[in-house]
Structure formats: structure tokens, C-alpha cells
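Student: I would like to go through some labels and see what each rests on.
Tutor: Ask about them in turn.

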Amino acid sequence: MTTLQRYESTKEIYRKLGVDTDEAIRKLENISISMHCWQGDDVTGFDQNGPLTGGIQTTGNYPGKARTPEELMADIDMVLSLVPGKHKINLHANYAVFKEGEFADRDKLEPKHFSEWVGFARKRGLGLDFNPTYFSHKMVKDNLTLSSPDKEVRDFWIRHGQACIRISEYFAAELNQPCLMNIWIPDGYKDIPADRLSPRARFKNSLDEILAIDYDKSKVIVCLESKVFGIGVESYTVGSAEFTTNYAAKNGILSLMDNGHYHPTEMVSDKISAMLLFHDKLALHITRPVRWDSDHVVLLDDETKEIAKEIIRNDALDRVYVGLDFFDASINRVAAWTIGMRNWQKALLYALLCPHENLAKLQNEDRMTELLAFQEELKMYPAGDVWNYFCQKNNIPEKEDWLAKVMQYEEVVLSKR
């Protein structure tokens with residue numbers, strides 16, 4: 001059978017469940033994912049030559065790492081040719097592109113240092129999101145930035161945050177779509193602190209100063225990301241989930257939940273419904289935690305599918321901003337990107353093909369035996385046939401056919417670096 005024939009057959013199977021597969025595809029085509037630029041070069045960026053520091057580590061040394069803006073943009077193009085739909089690129093501030101002989105430290109960054117990214121995005125019909133870079137810099141003192149007791153350190157990073165808001169506003173104005181600007185800091189202590197309150201009070205005051213500048217809140221959507229721990233700050237993290245959620249709620253910005261930034265038994269999928277009751281909008285970073293480590297390549301695993309289902313079943317596509325966040329240098333970086341992007345889309349499709357109202361009815365009527373049975377049977381429904389048709393419809397390789405293109409790209413391009 002052809003892909004179309006298999007789809008037509010599958011369409012009828014889902015119709016009997018009350019699911020319109022054509023409508024599911026239409027919705028999926030309009031969901032924009034924020035694709036993180038830092039998978040392509042192991043979070044190195046272009047503004048310094050030092051090591052990756054600040055509670056972050058990339059493992060592996062697979063050949064083909066992007067070394068220049070041109071190489072990184074070429075790799076992004078390759079990934080986008082293998083992923084259906086129109087998306088956004090998520091930049092960190094350390095990906096500023098300087099002309100020969102030009103340099104600006106992070107507290108002096110300007111929109112002009114990102115004009116090449118704007119041109120890249122405009123040409124491809126993409127949006128841009130942004131992140132201040134509070135790591136891998138000499139002004140990260142003792143693993144502290146915005147919470148440092150050193151006023152000079154705090155002021156430097158406050159100016160950086162303010163500069164990033166202006167750059168985000170530039171992105172939004174140039175590309176005619178809002179820019180999500182996410183703040184995450186690595187601050188904390190390796191061992192048990194004597195004072196947990198003061199660093200958080202300093203962090204709060206620093207954030208207040210960053211957000212005090214005048215900016216268009218319809219163009220720049222600021223969010224704040226938590227983390228449970230980082231390398232070198234295992235005992236205490238200033239920007240905990242409780243701090244970031246409360247600060248965001250009180251100050252009219254968004255909470256960002258990264259599903260790799262919680263205790264191993266905590267599930268972000270369980271948090272989404274609670275957050276949606278009290279927050280108009282929220283942001284997510286989709287990743288894959290392994291024990292205490294985050295940022296592995298996103299799989300089509302249970303938690304990824306549950307996160308997608310929580311967004312879809314609660315009709316929250318217009319309330320939840322989603323970006324990916326992982327970096328793996330142990331395998332082909334373009335393949336890692338592609339696997340993660342396609343898997344999040346597959347998770348969304350899986351959720352769109354689920355008869356949520358019917359399942360909720362069984363729950364509300366306490367028909368839990370039937371609910372469990374249906375949930376398990378749905379796992380074997382032919383969602384893959386809908387995915388393959390979705391890819392074909394968007395002129396994107398089906399199934400594993402994309403991998404041959406990546407391997408050819410490795411042979412022709414990546415292996416020459």
C-alpha cells in the first residue's frame with residue numbers, strides 16, 4: 001500500500017473513535033516549535049574561546065561540530081529540511097555575530113550584533129526567541145551572577161539582561177512576531193549554605209532592575225526558568241522552582257518549566273494542569289532527564305507524550321510556548337536535533353489523535369477498568385501512518401528515510417570540518 005492508501009485506511013479507524021485525522025494534521029502544521037541553536041556547537045557560541053562553565057557540561061567529541069555562524073546556520077537549514085512545518089530558532093546571547101575586528105562584551109550587546117540571525121530568520125519565514133547567557137564568562141564569580149554578593153558582578157549581569165530585552169524587542173519588531181526571552185542563571189553552592197535567603201533576595205532585586213526598563217510587553221515575553229541543581233551547585237540552587245514560580249506570578253512574567261530541572265520523581269506533565277489554572281500562559285523546555293542529568297536527546301517516551309497530551313487535552317496550544325533544550329556531542333549533532341524535533345511533533349500528533357473527551361467521560365463516570373483498557377489499546381493504534389502522511393504532505397522524508405540524508409551531509413560537509 002502507498003502512504004496515502006495507508007492513511008485513508010487509518011483515517012477510518014480513527015473516525016470510529018471520533019477523531020478527525022485531517023483536523024489533527026491541520027493543527028500540527030500550525031504548531032511552531034522553538035528549535036534551540038546550541039545543539040549544533042555544544043553550547044559554545046561565538047563570543048569567547050573558553051570552556052563551557054556554569055553548571056553545564058557537554059559530553060562527547062563527535063566530528064562535525066559547527067565552528068562559525070555560517071556552519072551553524074547551514075546545519076540548522078539541514079535540520080529544518082527534515083522537519084515538517086514552520087518553526088522558530090531559539091538563540092543564546094553568546095551566539096552574537098561580530099564583524100571582523102568588532103567585539104562587545106555581554107553587558108554591551110546590541111541588536112546589530114544579531115542582524116545576521118534576523119536576516120537568516122526572515123529569509124526562511126522563521127521567528128526568533130532569545131536567552132541571556134549567564135554562564136561561560138569571567139564575570140561568573142564563584143558560580144554566582146545575579147545573586148552574587150559582589151555588586152560589580154550583579155550590575156554587569158543586570159546590564160546583560162537589560163541588553164537582551166532590547167535585542168528581543170528588535171527580533172519581534174523585525175520579524176513581526178513576539179520573542180520569548182527566557183532567564184536562567186546557574187547560581188548556587190556546592191555544599192550546604194549558611195544563608196539561603198540573602199542570595200534569593202539579591203536575585204529578586206536584580207530581576208526587578210532588569211524588568212524595570214521600558215519595553216513592549218506585547219513583543220517581548222519574558223519568562224523565568226528554574227532548576228533543581230547544577231554541576232558544582234549540587235546543594236543549593238538560587239533559582240528554585242518555588243522562587244521562579246512565585247516571582248513570575250507576582251511580576252507578570254511567565255514561568256518556564258524544563259522537564260529536566262526537577263527531582264527525578266517529579267513529572268512536568270503533572271504540573272501543567274495546575275499551572276494553567278493560575279497562570280494565563282506558561283513556557284516549557286522539552287528535554288530528557290536521565291537520573292540527575294538533563295538535556296539528553298528528546299525521545300518519544302511516556303513523559304514526552306504525557307506533556308503533549310496535557311497541552312492538547314486542555315486546549316492550551318495558544319497558552320503554552322514550547323522550545324527544545326538538549327545538547328549531545330556523542331552522536332551526529334544534526335541527527336540529534338532532527339530526532340528531537342520530529343519526536344516532539346510525533347508526541348503532539350499522538351495527543352491530537354487521542355479521543356480525550358471519551359476518555360474523560362469514562363473517568364468522570366468512574367469506569368476505570370474501561371479507561372485503563374482503552375488507554376492501553378490506543379498505544380497500538382496506527383498513529384505512524386498519520387505521521388508518514390503528514391511528512392509526505394509537507395515534502396519531508398518519511399520514517400527513517402531522513403537518516404540517509406544526514407549521513408550524506410556528514411560525508412560531504414561535516415567530515416570536512
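Student: Where do Glu-306 and Lys-309 lie?
Tutor: Both are in helix 9 (residues 302-313), three residues apart, about one turn of the helix; helices here are DSSP runs of H or I, at least four residues, numbered from the N terminus. The model is predicted, and side-chain atom pairs count only at pLDDT 80 or more, local features needing at least 70, while totals for chains, interfaces and linings use all residues. Residues are numbered from 1 along each chain as its sequence is written, and side-chain values use heavy atoms, leaving out hydrogens and water.

Student: Why is the pair Glu-306 and Lys-309 called a salt bridge?
Tutor: A salt bridge needs a side-chain nitrogen of Lys or Arg within 4 Å of a carboxyl oxygen of Asp or Glu. The closest N and O atoms of Glu-306 and Lys-309 are 2.7 Å apart, so the pair meets that rule.

Student: Is Lys-309 buried or exposed?
Tutor: Buried means under 20% relative accessible area, exposed over 50%, and partly exposed in between, with a 1.4 Å probe and protein chains only. Lys-309 has 13%, so Lys-309 counts as buried. Glu-306 has 28% and is therefore partly exposed.

Student: What makes Asp-385 and Arg-6 a salt bridge?
Tutor: Their side chains meet at 3.0 Å, N to O. Asp-385 lies in helix 13 (residues 383-393) and Arg-6 in helix 1 (residues 3-15), so the pair ties together parts 379 residues apart in sequence.

Student: How do you know that Asp-385 is buried?
Tutor: Its relative accessibility is 12%, so Asp-385 counts as buried. Arg-6, at 39%, is partly exposed.

Terms used: Helix = DSSP H or I, 4+ residues; strand = E, 2+ residues; numbered from the N terminus.
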